[in-house]
Amino acid sequence: MTKSKAVRIRQHGGPEQMAIDEVEVGEPGAGEIRIRHRAVGLNFIDVYHRTGLYQLPMPAALGMEGAGVVEAVGPGVTHLKPGDRAAYASQPPGSYCELRVMPAKTVCKLPDAIDFDTGAAMMLKGLTAQYLLKRTLPQGGLKEGDFVLFHAAAGGVGLIACQWARAMGLQLIGTAGSDAKCQLAREHGAAHVINYAKEDFLARVKDITGGRGVKVVYDSVGKDTWDKSLDCLQPFGLMASFGNASGPVPPFAPGILGPKGSIYMTRQTLFTHIATREATQEMADDLFRAVTGGQVKIRIDQRYPLAQVQQAHRDLEARKTTGCTILTL
Ligand SMILES: NC(=O)c1ccc[n+]([C@@H]2O[C@H](COP(=O)([O-])OP(=O)(O)OC[C@H]3O[C@@H](n4cnc5c(N)ncnc54)[C@H](OP(=O)(O)O)[C@@H]3O)[C@@H](O)[C@H]2O)c1
């Protein structure tokens, strides 16, 4: 048994619920590895886990993303060996720690050209941008020149999506909560930007698209953007909801989708897409190519020591962060 510092909560609540515990880490079982983290990724889903919007059994470890060195592999694990550099987005939560035993399925070897900090920052957010832009598509798919609306475009997932959309030839309209964030989104590939804190994003989208609307809305803001987002869509457009940063979308009647233009609606989660080793690796390879090829740069705008995890959560929730955030060890 080895000891590790690990961030855990004993009840759902505010950032003050997170405490650093000393936990024992054992040997990996079948299908598991033991990984020593070199950096850990911070994601908005960690806030949902902490507050209880997404319920966890207590006590609960937090964190879904990290990078480090594989120390040991359990029976049946063939794609990793001790000494491998690796990175992952994975269930169950528990990456806010130095060392852990975890399922090997979604852990991928990290290319030599990608450092640990970048690996820790990019897996959950990058794989999300991957499945949204490449697998969460309107009928007939997306082609060069098509308009898509992407909310919170200056955030972790957002800045990756801006760059990837540009590489795909899409016209991504990005929203963000300040002029400085809009500028950042534009610099990272958003074709158009809207400061939704002071502009009516529906009116601007209509204006930008010549009244036609967009083919897809990628909406992680949830409650605050839901209604107007539906009206930003072209007939047969796709409403792709994938988060609730402002609160969950209230229940709605499917009947409203008809008069708005036979709109399609989906609620996506990364964990369906990375349910198998094969699918995870295929998506990760696409992400690694985009990063090592330079189409997508992973911007780490905030770094906090693990001991300052409470402040990291406060800043993320207060919309003070841009790009990716990591916890350092
Ligand atoms: N379903 C999935 O598979 C999946 C996977 C990854 C991430 N996500 C979701 O994608 C979103 C982005 O994740 P991330 O980790 O990269 O976070 P992030 O975008 O870096 O941070 C969230 C951003 O949401 C915006 N926001 C709008 N209203 C907000 C409010 N009331 N409170 C706080 N933030 C608000 C803020 O940007 P502005 O100030 O510019 O508005 C904030 O910076 C999150 O909603 C997350 O849950 C979903």
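**View 1. An open, antiparallel sheet of three strands in the predicted model**. The strands run in the order S2-S1-S4, and their pairing is antiparallel. At the edges are strand S2 (19-25) and strand S4 (60-61), each of which pairs on one side only.

**View 2. Pairing of strands S1 and S2**. Seven bridges join strand S1 (residues 2-9) to S2 in the antiparallel sense. Lys5 has Glu22 in S2 as its bridge partner.

**View 3. The shell around the ligand**. The ligand is surrounded by 29 residues, and the closest are Gly155, Gly156, Gly177, Ser220 and Gly243. Two or more residues of the shell come from each of helix H1 (44-51), helix H2 (116-135), helix H3 (156-167) and helix H9 (309-317). Sorted by class, the shell holds twelve nonpolar, twelve polar and five charged residues. Domain 1 (2-125 + 271-328) and domain 2 (139-267) each supply at least three residues to the shell.

**View 4. The surroundings of His188**. The loop between helix H4 (179-187) and strand S11 (192-195) contains His188. His188 counts as buried because it has 25 C-beta neighbours inside 10 Å, where the cut-off for a buried residue is 20 or more. Leaving out residues up to four places away in sequence, His188 touches Leu159, Cys162 and Gln163. Cys162 lies 26 residues from His188 along the chain, yet their C-alpha atoms are separated by 5.8 Å.

Technical notes
Residues numbered from 1 in each chain as written. Predicted model: local features only at pLDDT ≥ 70, side-chain atom pairs only at ≥ 80, totals over all residues. Near = placed C-beta within 6 Å. Helix = DSSP H or I, 4+ residues; strand = E, 2+ residues; numbered from the N terminus. Nonpolar A, V, L, I, M, F, W, Y, C, P; charged D, E, K, R; others polar. Domains from an automatic or database assignment. Buried ≥ 20, exposed ≤ 12 C-beta atoms within 10 Å, placed from the backbone. Contact = placed C-beta atoms within 7 Å. Pairing = 2+ DSSP bridges.
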